[in-house]
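Please walk through this model with me, one part at a time. Keep the structure in view as you read.

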Amino acid sequence: MIGIVLVSHSQKLAEGVRDLAAQMTQGQVSIAVAGGIDDEENPIGTDPIRVMNAISEVYSPDGVVILMDLGSALMSAETALDLLDPEWRPHLHLCAAPFAEGAVTAAVQARIGGSAESVMAAANGALLAKRQHLGIAEPPTAVVAAPPPTSAGQRLSLTIPNKLGIHARPAARIVSLAGQHAAQLTLRKGERSADGRNINEVMLLDMRQGDAVEFFADGAGATALLDSLAALANENFGDDDTAAPTSPSGQPSSPEKFVLAGVAAAQGIAIARVHLLSTHPPVIDSALKQPIEDEQIALVMAVNRVMNALQAELEKAKLRGDDTQADIFKAHLYILEDDRLHTTAKDAIARDQVSAAAAWWAEIEALAGRYRAAPNPILQGRAVDVLDVGRRVLAELIPGSARSLVLDEPCILAAEDLAPSETSMLDPQNVLAILTQQGGATSHTAIIARGMGIPAVVGLGGGFSSLKHGQRVVVDGGRGWVYTEPTDAQIAEFEAQIAAERAEREVLLTTVREDAHTSDGRRIEVAANVGGAADAPRLREMGAEGVGLFRTELLFMGRASAPTEEEQILAYGAVAQALEGRPIIIRTLDVGGDKAISYIKIPPEENPFLGYRGIRYWLGDRPLARAQIRAIYRTSAQHNIRVMFPMVGTLEELEAIHAFMREIRAELDAECTPYDPTMQVGIMIEVPSAVLCAPQLADKVDFFSIGTNDLTQYLMAADRGNARVTPLATPFQPALLTAIKQVVDAAHARGKWVGICGEMAGNPLLTRVLIGLGVDELSMSAPSIAEVKHIIRQTSSMDAQAFAREVLALPTAREVEAQLKSVSI
Amino acid sequence: MSDVITKAQVITWLENCAALLETQKAYLTELDAAIGDGDHGLNMARGFGKVKEKLPSMADASIGSILNTSGMALISSVGGASGPLYGTFFMRASTAVQARQELEPMDLVKLMEQGIEGVVQRGRAEVGEKTMLDALIPALNALKSQLEAGAGLSDALDACVAAAEAGVRSTIPLVAKKGRASYLGERSVGHQDPGATSATLILGLLRDVVKGSGVS
Ligand SMILES: Nc1ncnc2c1ncn2[C@@H]1O[C@H](COP(=O)(O)OP(=O)(O)O)[C@@H](O)[C@H]1O
Ligand SMILES: [Mg+2]
């Protein structure tokens, strides 16, 4: 549902208007107020920060309509839009409607589930009723809800003449004529009718060129009204069809001709031909070809195969540290785990005597339909995921039914919709950009496209149909625009922009191997997170100055028993070799939570994230711990190795680790096995208690590495995979920044160093503030290294400290985020 | 006096702005009361008061980050149209000078150019509409042409402030086309624009600091 924000100079006025609107809608509409300023003596004024907070309070991708009283309220609101996440921008609508009337009307329209466009239109027409009452002529584009339609009176039959049909402008002309005559107007097309004074109803009638439509008028002015409507129709409803093609109706407004506007989903520019992907619905033969039981078994096996594949993809994504992808695969698994889905499909095979494919697809479409009908937009978006997994199963049942995404040459891929699994399979070499008719900025497809660095414009709506296969277009993913007929000058300009971006990337790449220092000479170590030897060979080339987190889980997965000491030594040595003597931090096995390993039996737990995981398990599995720590020590004889332990929350745990390591060293000494007795030992800081005990813990380690992914979840008590609470688990939380500061201060006071190995470390938006907080090392997935190093080199550590102090003083995540982004306002 | 503006001078300038706008609160408010809602003095004093609070923590920061922080402080505290306008001015200006610790004369030109561009984008006003731009734009033009003609920074700033002062006076006969005062239409004629006045005060302080006559 659309949210509403009321911006006023006066808190009292804003609240009063809100109460008025809430009364009309029984409090069903989210309305937030931004009134007055932070000055008790002179509270009248407008505050962009308050506007920003109010928007965040009611934001959803459905949209927010913002009403302002006057004067600086407008500029404050515009400033707030600049400070908010640019992805929100297309969903935020500044509304010029009168404040009180507009708010009430907008709320009523929002309550009935109106789109942003209809809410804006309703609000903008809000003065009409008042004018009518006072006997003042209506402005031409005004709208009002009239009494229920009637079919009495006179009638005019018409065929819609104009190319684009009755889109917004002609609809407004009809409505305004209706408003000028003393008559009630009802439009009818087929079974459906619309009140001629309600612009939304008129537009929703969806009258297209060639449609037969009837106009009924009743009242004293009926004849005059129908005469003027006939005249308007003669004038092609005011449209000039000889002019160049304009973008079709219902589209977000485009800045110029030949530009389609959609939702900016992933940044970047691409110039190429369009490859239009057909949406051939899968061809399904419903005839039974084998006994019912065999069909049923085929279905169960197909589902199982897809679930196994998903499970494997999920594990891989987790190891890569790619939580977004992992979440998507998890969501897909949940869909298939729903027993009802197979049971109903299996029953349908027997009951309706149809093939497994037909029964399955009917179930999938029904389920997708239920999602689409859900009131919550996030749930609606999941229909795509249902169809996606559904199709994967179908492809198992009917080999060859998946659509081919293999492209022979670089082009711009256009499809009505792309499934997340399809998107993740695209080859960025050949897919220069993605265009879709459906979808929003938060759809899984959009998220994956961003992750893969493929520019994308989604939600092109009606404009999509004007794209032709083979047509050369320019896509500006950052703006959400598609230039359908780019001029030579535009192409030259965009090519220059692409070249400049490429040149910049190349400069980054040539300096990426050099160690990173701030502009005033402070060394910041930039390391990579790896999952195994396979990742290692290109790390130096990509700029890694070491490995800051070697996740050992992969070594233990996908096999029947734990790797032996010798096997581990080989694996650790291979990574160390590739890093040319740079330090490697090996993290001992972090099992539990959501990371399961078949031969490690942890009884099911109600709450695995708060359960037997990480060091808690490790210390209890002596044979496994012994083999691993011996392997690490033995590798340290040859290579620059450090060790670190996950999930340490108490001093006792750390002492237990030390005691265990002493035991192992004694063993090695007795065997005369060589190892490095000065190998650095550290712990991850990811349990909040470790933050609070950092001073005591720091005395007993060489370094800390802050695992910000888990730390954020535990600190905020918010699961990052749970969409309803993800806003809590952002890296911008003041509590998280304060925690990092405390850890760094405690460590530095004792001469110990601190790294960060969560996703935060690779987020360029946070680099400056992390340097300012005093962090010594940043460890990230390798592709982020070049950009982060570039920022480090441009940052002065003195500046960064001042900046960090500023940021630490901000009380809310929203303000932190705005401050970090404001550098580029 | 050397021909650069140091970071210390920038800080002193902002401190002086806070002090002067506090003492000129009543005057600016009176100007705004004639054609607006009578809050410009309060707004500016509150805003620069907030800027002043931030300055002590900025001793180690670059000029860019000082200006950026000041802009953010103005945006979040002024309360009137001048908040987003001056705030945008400073934030945009900061991108022109980035991590600098000192400003060359032409840096000042760039700083003002970008800042003014921000004001224009935010307020969509132009010269002659009775706004702060009537002081800022002539001031920038004078500064730039003097420097290009080879004048020293001090002389160029004298010309800059003189142009701003002339600009303020030029607002008196104008009909307001933007902001609160535009509600008054013809009745705004005969009054001096408060925003142009505050802009001129602020430029005057910059000149004083550069010439060494500003108090520290
Ligand atoms: N659109 C605009 N563009 C440039 N300057 C403007 C604009 N609107 C207002 N101003 C300036 O802002 C000043 C008024 O500021 P102030 O009183 O703080 O805000 P408000 O008008 O919201 O009370 C005006 O004197 C004028 O110089
Ligand atoms: Mg005012």
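Buried means under 20% relative accessible area, exposed over 50%, and partly exposed in between, with a 1.4 Å probe and protein chains only. Helices (H or I, at least four residues) and strands (E, at least two) are DSSP runs, numbered from the N terminus. This is a predicted model, in which local features need pLDDT of at least 70 and side-chain atom pairs count only at pLDDT 80 or more, while totals for chains, interfaces and linings use all residues. Residues are numbered from 1 along each chain as its sequence is written, chains are lettered from A and ligands numbered from 1 in the order in which they are written, and side-chain values use heavy atoms, with hydrogens and water left out.

Start in chain A, at strand β22 (residues 703-706). F703(A) and S705(A) point one way from this strand. F704(A) and I706(A) point the other way. All of these residues are buried. Strand β22(A) has a partner in strand β21 (residues 681-685) of chain A: four bridges join them, and they run parallel. Two strands pair if DSSP finds at least two bridges between them. One bridge links G682(A) to F703(A). Strand β23 (residues 753-756) of chain A is also joined to β22(A) by four bridges, again in parallel. There, F704(A) has V754(A) as its bridge partner.

Next, find K789(A) in helix α28 (residues 785-794) of chain A. Is this lysine buried or exposed? K789(A) counts as buried, because its relative accessibility is 0%. What does its side chain reach at 2.8 Å? It is the backbone oxygen of G543(A). A polar contact of 3.0 Å also joins the side chains of K789(A) and E545(A). A polar contact is a pair of N or O atoms within 3.5 Å; within protein, one must be able to donate a hydrogen and the other to accept it, and residues adjacent in sequence count only if both atoms are side-chain atoms. Contact alone means heavy atoms within 4.5 Å. Leaving aside neighbours within four places in sequence, K789(A) is in contact with residues including V512(A), R513(A), E514(A) and D515(A).

One loop residue of chain A deserves a look. N236(A) lies between α9 (222-234) and β9 (259-261). Its phi is positive, about 65°, although it is not a glycine. N236(A) counts as buried because its relative accessibility is 17%.

Now turn to chain B. It has nine helices and two strands. Along the sequence they follow the pattern β-α-α-α-α-α-β-α-α-α-α. Of its 216 residues, 57% count as buried. K130(B) sits in the loop between α6 (105-123) and α7 (133-148) of chain B. Its phi is near 65°, a positive value in a residue other than glycine. K130(B) counts as buried because its relative accessibility is 1%.

Finally, see how the chains meet. In chain A, 28 residues are in contact with 29 residues of chain B. The two chains bury about 2500 Å² between them, 53% of it on carbon and sulfur atoms. Buried area is the accessible area (1.4 Å probe) that two parts lose on being put together, summed over both. Four salt bridges are counted between the chains. A salt bridge is a side-chain nitrogen of Lys or Arg within 4 Å of a carboxyl oxygen of Asp or Glu. R122(B) forms one with D82(A), the closest N and O atoms being 2.7 Å apart. On the chain A side, α3(A) gives the largest share, seven residues.
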